[in-house]
Amino acid sequence: MATTLPFSKSLIFSWRSASASAAPPLRPNLPLISYASRKCNLYHQTCSHLTKSTSGKVSSGQVELEDEINDEACELVSGTELTLGEGEDNIRAFLFKAVKNNNGAGVLLLSDIYGFEDSSTRDFAYRVACSGYNVLVPDLFHGNPWTKNQPRTKFEDWLTQQSPERLAKDISTSAKWMSDEFVAAGISRKLGIIGFCFGGGQLIETLAQDNSYFGTAVCFYGTQMNPSLAAKIKIPVLFISGDNDPLCPVNFLTDMEKSIEGSKVVIYYGQGHGFAHRPQSPEEDEDAEIAFTIMRDWLHGSLVAKN
């Protein structure tokens, strides 16, 4: 349940009743092959009917537009591991591609610190693809993501290894690859971009430097964000976070919302960091479902309905 606060037309808080459903089953790590499932609710159900894809191309024959988004209609999502770029500048990535209900839109998904092979990130990307999208998840850390078993004392050292220049170049390479593939398939439209945590901070950096590839953005509890960059962003951004997240202060988000035309801030009462793609309780799971629906409607309105 959500309500709109009187002092801000775009700031939404949600809360739940005292009774909660049973916790969802634990999800196994998903393999690097493609996924297909009759239902795309990954917070409550594991993918089945695995298939393998041999091509990462976005072909015009597979882009069949549908008038409505139907969460039950996802019958096949193909997945392919790719290498983008050449030589020392190449970057690994994983492409999730809606096959049956492809709406012709592309989304670049920037992961959190756990990288593009993390099961929670791939689960989320798969589910976005279930809604009809072509989703590219690049390896922002070149095979060296942060892992949960490392001592926290080493985190700052690891973070300093993530060169802003390299990250910007990798994101640009990934966006250009998607754009080129869509042009080759006879499709000309802007991409969407989604970022979680670390990826959310990189989303802001990217859009402040170059808006040419993207038509809309969704930032989930971005970290290390610089609110002063908001004035340089020319496309609408949907910000989703919790009010109990010290890594993503609510005032940062509301300040950026004021500077970015068409943007919106959605805040979940009582939620902390990572709840939307790493729900750890029935309460987080419920809000994760609502957040996903809000994000899906945002993407559809910006990338599909307008085209």
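Predicted model: local features only at pLDDT ≥ 70, side-chain atom pairs only at ≥ 80, totals over all residues.
Two residues are in contact when they have heavy atoms within 4.5 Å of each other. Gly-262 sits in the loop between α5 (250–259) and β12 (264–268).

Which residues does Gly-262 touch, not counting residues up to four places away in sequence? The partners are Pro-236 and Trp-298. Ile-235 is 27 residues from Gly-262 along the chain. Even so, the C-alpha atoms of Gly-262 and Ile-235 are separated by 7.5 Å.

## Helix α3 and its two faces

Helix α3 covers residues 164–184, which is 21 residues. From first C-alpha to last, α3 reaches 30 Å. That is close to the 30 Å expected at 1.5 Å a residue.

Now look at the sides of α3. The buried residues are Leu-167, Asp-170, Ile-171, Ser-174, Ala-175, Trp-177, Met-178, Glu-181 and Phe-182. They cover an arc of only 150° around the axis, so they lie on the same side of α3. An α-helix has 3.6 residues a turn, so residues three or four places apart point the same way.

The face turned away from the buried side carries exposed residues: Glu-165, Val-183 and Ala-184. Just after α3 comes Gly-186, with a positive phi of about 80°.

## Where α3 meets α4

Helix α4 spans residues 198–209. The axes of α3 and α4 are 11 Å apart, and the two helices pack at an angle of about 75°. Angles of 65 to 115 degrees count as roughly perpendicular, and α3 and α4 are therefore roughly perpendicular to each other.

Which residues make the contact? From α3 come Leu-167, Ala-168 and Ile-171. From α4 come Phe-198, Gln-202, Thr-206 and Gln-209. By type, the residues of this contact are 4 nonpolar, 3 polar and no charged.

## Two residues in one loop

The loop between β10 (214–220) and β11 (237–242) holds Tyr-221. Gln-224 is found in the loop between β10 and β11 too. Tyr-221 is not a glycine, yet its phi is positive, about 35°. Gln-224 is not a glycine either, and its positive phi is about 55°.

Gln-224 has 55% relative accessibility, so it counts as exposed. The cut-offs are under 20% for buried and over 50% for exposed.

Technical notes
Residues numbered from 1 in each chain as written. Heavy atoms only, no water. Helix = DSSP H or I, 4+ residues; strand = E, 2+ residues; numbered from the N terminus. Expected span 1.5 Å × (residues − 1). Buried < 20%, exposed > 50% of the residue type's maximum accessible area, 1.4 Å probe, protein only. Arc of directions from axis to C-beta. Axes fitted to C-alpha atoms, helices over the stretch in contact; angles between N-to-C directions. Parallel < 35°, antiparallel > 145°, perpendicular 65-115°, else oblique. Nonpolar A, V, L, I, M, F, W, Y, C, P; charged D, E, K, R; others polar.
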